[in-house]
Amino acid sequence: MASGSGDDEGNTTSASWRLVGPASELSKKPCRLMYSPLGRDSDVCLFYVKGQFFAMDARCSHSGGPLCEGDIEETDGVLQVFCPWHDYGYDLKTGKSGTSLEQQVYEVKLVDGDVYVKHASHLSLSPFPANEKN
Ligand code: FES
């Protein structure tokens, strides 16, 4: 009887612009965690640093540390977030680190005062029921 699982958003290969919210609100904190219905590994950090937004996978590619809780520093004009677990730094623009590790970064755009992130899934500032307790 139950036909059709409604997995229209299950296609992870096609990224689309996702409305996150008003820039006036999102710029009040240096980082927001944006939840993906695809699961924790697809959650994204939205950073606001020096008047600019940056989006990056929220889990550190080393061992999954929470990058939203990392310190942000600028060295020689390069903005980096440092993972709170083992202190690896990732360039907010490129996702590159001083090691072979790299974070996936996402394009961000502002339209009429709203922030959009190009991502494979919908992004929400509130946890989805399935990953609420993680
Ligand atoms: S988990 Fe991020 S540096 Fe180890």
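**Entry 1**

I started at strand β4 (residues 52-57), which pairs with β8 in the antiparallel sense over 2 bridges. Here two strands pair if DSSP finds at least two bridges between them. Strands are DSSP runs of E, at least two residues long, numbered from the N terminus.

I note the source. This is a predicted model: local features need pLDDT of at least 70, side-chain atom pairs count only at pLDDT 80 or more, and totals for chains, interfaces and linings use all residues. Residues are numbered from 1 along each chain as its sequence is written.

I then traced the whole sheet. It is open, has 4 strands in the order β2-β3-β4-β8, and its pairing is antiparallel. At its edges I found β2 (31-34) and β8 (105-106), each pairing on one side only.

Next I took the remaining pairs. β2 joins strand β3 (residues 44-49) in the antiparallel sense over 4 bridges. C31 stands opposite F47 in β3. β3 and β4 are antiparallel too, with 6 bridges. There I found Y48 opposite F53 in β4.

I checked the turn between β3 and β4. This hairpin has 2 residues between the strands, and K50 takes a positive phi near 50 degrees in it.

**Entry 2: the three-stranded sheet**

I moved to the other open sheet. Its 3 strands follow the order β5-β6-β7, with antiparallel pairing. β5 (71-75) and β7 (89-91) are at the edges with a single partner strand each, so one side of each is left without a neighbour in the sheet.

Strand β6 (residues 78-82) is joined to β7 by 3 bridges, and the two run antiparallel. Q80 stands opposite D91 in β7.

**Entry 3: positive phi in the loops**

I looked at D76 in the loop between β5 and β6. Its phi is near 50 degrees, a positive value in a residue other than glycine. D76 counts as exposed because it has 4 C-beta neighbours inside 10 Å.

I then went to D87, in the loop between β6 and β7. D87 is not a glycine, yet it has a positive phi of about 70 degrees. With 11 other C-beta atoms within 10 Å, D87 is exposed.

Definitions and conventions
Buried ≥ 20, exposed ≤ 12 C-beta atoms within 10 Å, placed from the backbone.
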